[in-house]
Amino acid sequence: MSRGSTSPLKASFMRRFIARNAPAYAFLTPWLLGFFLLALGPILASLYLSFTRYDMVNAPKWVGLANYEYMFTRDRRFWKALNVTFTYVALAVPARLIMALGVAMLLDKGLRTIGLYRAIFYLPSLLGASIAIAILWRQLFAADGVVNAVLGYFGIQGAAWITNPDTSLYTLVVLAMWQFGSPMLIFLAGLRGIPKDLYEAAEIDGTPKWRQFTRITLPLLAPVIFFNLVLQTIEAFKTFSSAFIISNGTGAPADSLLFYTVYLFNEAFKFFRMGYASALAWVLLIIIAIFTAISFLTSKYWVHYENERD
Amino acid sequence: MELTRRRLLGAVGAGVAASALSAVPAKAATRIRHYWWGNPERDKRTFAVIETFQKANAGIEVSGETIGWGDYWTKMATQTAGRNMADLVQMDYRYLFEYVRRGALKPLDEYVGKSLMIKDFDQGPIAGGMVDGKLYALNIGSNSQVIVHNTRVFKEAGVDVDLINWTWDDFARACEQITAKSDGKVKGSDDLSLMIETFESWVRQNGREFYGADGKVAATVDDVASYWQMWANLRKKDVVRSKDKTVILDPPIAESGVAVGDTAMSHYWSNQLVGIQAVAKDKIGAAMVPHKKGGKPGQFIKPSMFMSLSRDTKDPESAIKYMNAWVTDPAITKILGLERGIPASKAVRDALAPGLNETEKLSVAYFDAIQSKVGALPLPAPKGAGEVRDAFMRIGTSVVLDRAKVKDAAEQFIADASDIVERAQ
Amino acid sequence: MTLAHEMEEAARVAHELRVKRDQRARMGRLLKHLFLISVSIVMLYPLLWLLASSLKPENDIFGSLTLWPTEFQWHNYVDGWHGLPVSFTTFYINSTIVTVLSVIGNLISCSFAAYAFARLQFTGRTFLFGLMMMTLMIPYHVVLIPQYVQFLRLGWVDTYLPLVVPRFLASDAFFIFLMVQFFRQLPRELDEAAMIDGCSPFKIYWAIILPLSLPALGTAAIFSLIWTWEDFLAPLIYLNDIKSYTVPLALRLFLDQEGQSSYGQMFAMSVLSLVPVVIAFIMFQKLIVRGIATSGMK
């Protein structure tokens with residue numbers, strides 16, 4: 001081959017490369033700008049800070065791996081926080097998702113008043129983690145609170161749920177279940193995308209309801225289930241506001257509500273250890289990333305997308 | 001015609017955009033920022049002060065910035081990190097040392113007597129703003145601990161002990177009396193096991209400081225154990241608030257026993273009397289922290305709030321001018337009243353005296369009564385004191401909940417506290 | 001005779017069956033409603049509590065479990081509205097500006113990015129997608145300070161720019177990922193057919209993908225609106241002037257844990273702050289419902 005002929009080939013390859021990628025990158029431009037100009041810098045800065053001692057008043061001082069070493073070898077509260085957070089994730093995520101999916105399916109079909117219910121079921125999520133919720137929760141789950149008053153009717157002697165370190169975490173799981181509004185809404189939007197004629201055909205064939213659920217609903221809803229699973233897991237690992245506000249920022253009683261991010265926040269803003277807090281953040285990031293990666297890898301086996309089906 | 005309309009629309013559009021996107025008002029000759037934590041009442045007074053000050057000082061524009069206590073420190077830390085602190089920041093005794101020791105505040109000594117006219121103020125309260133021999137914070141109100149009590153319940157139970165000179169034994173007896181008289185409906189007191197401020201008085205009554213002159217923890221395991229044991233005994237007699245309420249840390253004052261009505265006594269600071277009275281059903285009274293029989297004075301008078309000059313200030317002269325007006329200008333001190341605490345200037349106190357309401361009178365009377373009974377101000381706390389406070393509450397919780405033996409927990413606390421202080425240096 | 005009889009009999013049986021089926025269906029619906037109503041009561045309790053607390057005298061909020069106020073304090077609403085140095089009218093205007101801009105920004109920029117990730121092939125897709133997911137995972141509090149410093153250098157502190165501009169640059173990966181999941185569900189033949197007809201990628205995005213994704217867009221709009229309206233941390237950090245405060249920030253001005261608070265007024269204003277969100281919720285909900293009609297056509 002002569003030298004002259006490779007050049008146009010290369011050029012045409014370039015042309016095709018650009019033609020292939022240009023539209024996508026055009027659509028990605030806002031995100032790329034945002035990511036590289038606004039988001040990436042602070043993320044890298046926090047990575048750098050995790051190797052420093054930084055009290056936010058004076059310039060950060062490089063300490064190498066000292067923060068990470070302290071965390072894994074000497075910090076009892078770090079392990080405590082991990083324990084609390086993992087327990088919460090394991091309980092709250094499935095509970096909330098099942099609740100949300102169940103109610104979404106009930107609401108999806110047949111009822112004329114569905115809009116009203118949908119609004120009502122979303123209301124608790126609107127209250128978010130406001131101060132009102134903190135006060136309400138302490139009143140509900142106190143020894144002399146509403147929950148125990150209701151249990152009393154059935155002859156059950158309730159405990160001081162929220163101030164007993166053995167049970168306080170469960171009151172937050174209940175809160176998570178009760179604020180199932182956003183996954184429910186996403187499930188509903190997903191259910192709306194499933195063509196109704198599929199169910200009609202199944203009905204004519206006499207397919208029983210539960211098989212319609214496993215054969216039609218679940219597979220077609222898989223991408224949305226996957227989304228909710230991944231996002232709820234990430235959110236649960238990062239749970240902050242509810243735990244912070246209900247424990248008045250301390251993780252009390254006896255560190256039973258010491259969620260990872262509550263601990264991190266206190267280290268950073270209360271105890272002036274932003275460097276250490278950054279190290280904590282990166283450890284959490286890696287934990288979350290592992291979980292997310294596993295979700296994505298296994299999703300190949302149970303999530304199939306319409307536009308990638310042959 | 002067409003052109004003018006378009007130009008007009010453009011101008012209006014730009015105006016809307018500017019007012020929408022930029023909250024910075026037009027520049028005055030100089031602009032200083034004042035940042036404080038507040039509540040509706042305090043905010044109203046402070047903005048009125050700013051207006052009064054600006055009227056008298058045309059060249060200086062003061063930007064008032066406020067938010068509630070809980071969020072105040074997060075924002076403050078962020079601004080500090082960005083080297084964008086307000087010129088003047090409100091400081092709390094608990095945080096003052098953290099900020100001074102890290103170098104975020106400027107000393108005020110060079111202005112004292114020149115533009116900051118505080119020479120004739122009570123020196124005790126002013127000294128509360130000194131760290132390592134320099135004045136870093138101006139006292140804008142003093143307070144002291146107070147055992148707030150429900151006067152109706154006290155009367156009904158026939159508690160007639162001298163509430164200024166009483167001892168811990170008197171306190172325990174009062175708790176029993178009150179609980180018995182009300183058939184347990186109203187307990188004697190909140191359980192103060194987790195209140196490190198009261199514990200600090202306890203340590204001083206034993207003749208020690210919590211932090212020694214070297215900045216290390218000087219309180220002993222015995223101090224801690226005896227304190228927690230005393231409360232354990234009261235819990236056993238069932239004359240203090242239930243432990244479920246006790247282990248809620250830092251609850252808002254509206255949830256305290258005296259406010260809710262299930263106990264007759266709670267621990268607070270004297271400048272909070274007005275706030276507690278606002279949420280309590282009965283008339284409240286003020287008592288000192290009980291004394292130790294034959295012990296040293298434990299309680300002390302401290303600044304409730306400070307105003308400090310930040311290292312990021314660009315116009316210290318104007319900032320000090322504003323600061324000075326705050327504590328000396330009669331028009332301004334009148335607006336402020338006792339809301340932030342008792343002023344350190346006798347002249348100001350005298351001027352305010354005639355206009356006080358009942359609860360304010362109570363706090364002034366209380367203040368006068370304790371003057372001779374209190375000890376000296378403790379030495380400035382080391383870095384990490386905030387974390388020690390958290391550890392006290394955390395470890396104390398396991399004692400209150402019967403999950404740890406008093407002695408073991410006390411040992412753990414002293415060990416943890418020493419570690420924390422060491423790590424923070 | 002027998003035939004007629006048999007036919008009559010068959011009709012009778014058929015009728016009975018139909019009645020039974022209808023009865024069962026009605027029973028089913030009734031049970032469903034009963035279930036939903038009882039769940040609704042649990043769901044509504046906090047709102048009722050909030051409403052009750054906003055009308056109670058201050059010292060009644062914490063002391064008693066009964067919802068019914070001993071004395072109705074309607075004035076909390078009026079007093080609360082004017083209870084701060086700046087009236088809530090200003091706070092509502094501020095919140096509305098920030099929220100409207102954020103929702104628009106989110107919908108445009110995130111649907112752009114999601115379209116690229118979900119429907120277009122390009123070099124570096126997996127890598128960039130991973131980066132995007134990473135922004136979801138990092139705890140917000142540790143990037144707070146670097147971000148603050150960054151916006152400070154740009155001179156954006158004390159303006160709404162730090163709250164709004166990132167939204168136009170698809171800063172919220174949640175919405176990108178959400179839309180990606182929905183966009184991927186649409187049949188590929190749609191784009192292929194359109195491509196053959198000579199449609200540009202933008203045309204496909206605009207005329208095919210978006211109209212078919214109304215439920216997803218409606219969901220994203222609702223969330224974006226609610227979360228911006230309720231956002232507290234970013235306004236806390238970036239807004240200094242009380243005149244520029246948003247509603248959630250203003251609500252925090254009522255409380256002083258250590259001193260005098262106005263709980264009644266705070267609760268009253270909290271109730272009012274829910275009103276715009278609920279209205280918006282009901283409005284956007286229609287978008288989700290309308291989605292059925294469109295997707296039914298394909």
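Two residues are taken to be in contact if their C-beta atoms, placed from the backbone, lie within 7 Å. By that criterion, among contacts in chain A of this predicted model between residues at least 6 apart in sequence, 68% join residues at least 24 apart. For chain C, residues 24 or more positions apart account for 74% of the contacts with a separation of 6 or more.

Chain A contains 13 helices and 2 strands. Its C-alpha trace spans about 90 × 70 × 30 Å along the principal axes. The radius of gyration of chain A is 25 Å, whereas a compact globule of 310 residues would have a value near 19 Å. Of those 310 residues, 46% count as buried.

Chain C, for its part, has 13 helices and 0 strands, and reading along its sequence gives the pattern α-α-α-α-α-α-α-α-α-α-α-α-α. The C-alpha trace of chain C extends over about 95 × 65 × 30 Å along its principal axes. Buried residues make up 48% of the 298 residues in chain C. Chain C is divided into domain 1 (2–60) and domain 2 (75–296), with C-alpha centres lying 37 Å apart. The contact between them takes 7 residues from domain 1 of chain C and 7 residues from domain 2 of chain C. On the domain 1 side, the residues that touch domain 2 of chain C divide into 3 nonpolar, 2 polar and 2 charged.

Attention now turns to the way the chains meet. The contact between chain A and chain C draws 71 residues from chain A and 69 residues from chain C. Several helices of chain A each supply at least two residues of the side that touches chain C, among them H1 (3–49), H4 (114–127), H5 (131–140), H10 (209–237) and H13 (274–302). The largest share of that side, 19 residues, comes from H1(A). By class, the side of chain A that touches chain C has 52 nonpolar, 13 polar and 6 charged residues. Chain A also touches chain B, in a contact that takes 21 residues from chain A and 25 residues from chain B. The side of chain A that touches chain B has 12 nonpolar, 5 polar and 4 charged residues.

S1(B) pairs in the parallel sense with strand S2 (residues 60–67) of chain B over 8 bridges, and Thr30(B) has Ile60(B) as its bridge partner in S2(B). Together with helix H2 (residues 40–56) of chain B, S1(B) and S2(B) make a right-handed β-α-β unit. S1(B) is also joined by 2 bridges to strand S3 (residues 88–91) of chain B, and these two strands run parallel. In S3(B), Val89(B) stands opposite Tyr35(B).

Most residues other than glycine have a negative phi, and most peptide bonds are trans. Against that background, a cis peptide bond joins Ala252(A) and Pro253(A), with omega about 0°. Pro253(A) is placed in the loop between helix H11 (241–246) and H12 of chain A. The loop between H11 and H12 of chain A is also where Asn248(A) is found. Asn248(A) has a positive phi of about 50° although it is not a glycine. With 19 other C-beta atoms within 10 Å, Asn248(A) is partly exposed, because a residue counts as buried if 20 or more such atoms lie within that distance, and as exposed if 12 or fewer do.

Chain B supplies a further case. Asp132(B), which is not a glycine, has a positive phi of about 50°. Asp132(B) lies in the loop between strand S5 (130–131) and strand S6 (134–135) of chain B. Asp132(B) has 10 C-beta neighbours inside 10 Å and therefore counts as exposed.

Methods. Residues numbered from 1 in each chain as written. Chains lettered and ligands numbered in written order. Predicted model: local features only at pLDDT ≥ 70, side-chain atom pairs only at ≥ 80, totals over all residues. Helix = DSSP H or I, 4+ residues; strand = E, 2+ residues; numbered from the N terminus. Nonpolar A, V, L, I, M, F, W, Y, C, P; charged D, E, K, R; others polar. Pairing = 2+ DSSP bridges. Right-handed = clockwise from strand over helix to strand, strands pointing away. Rg over C-alpha atoms; globule rule 2.2 N^0.38 Å. Domains from an automatic or database assignment.
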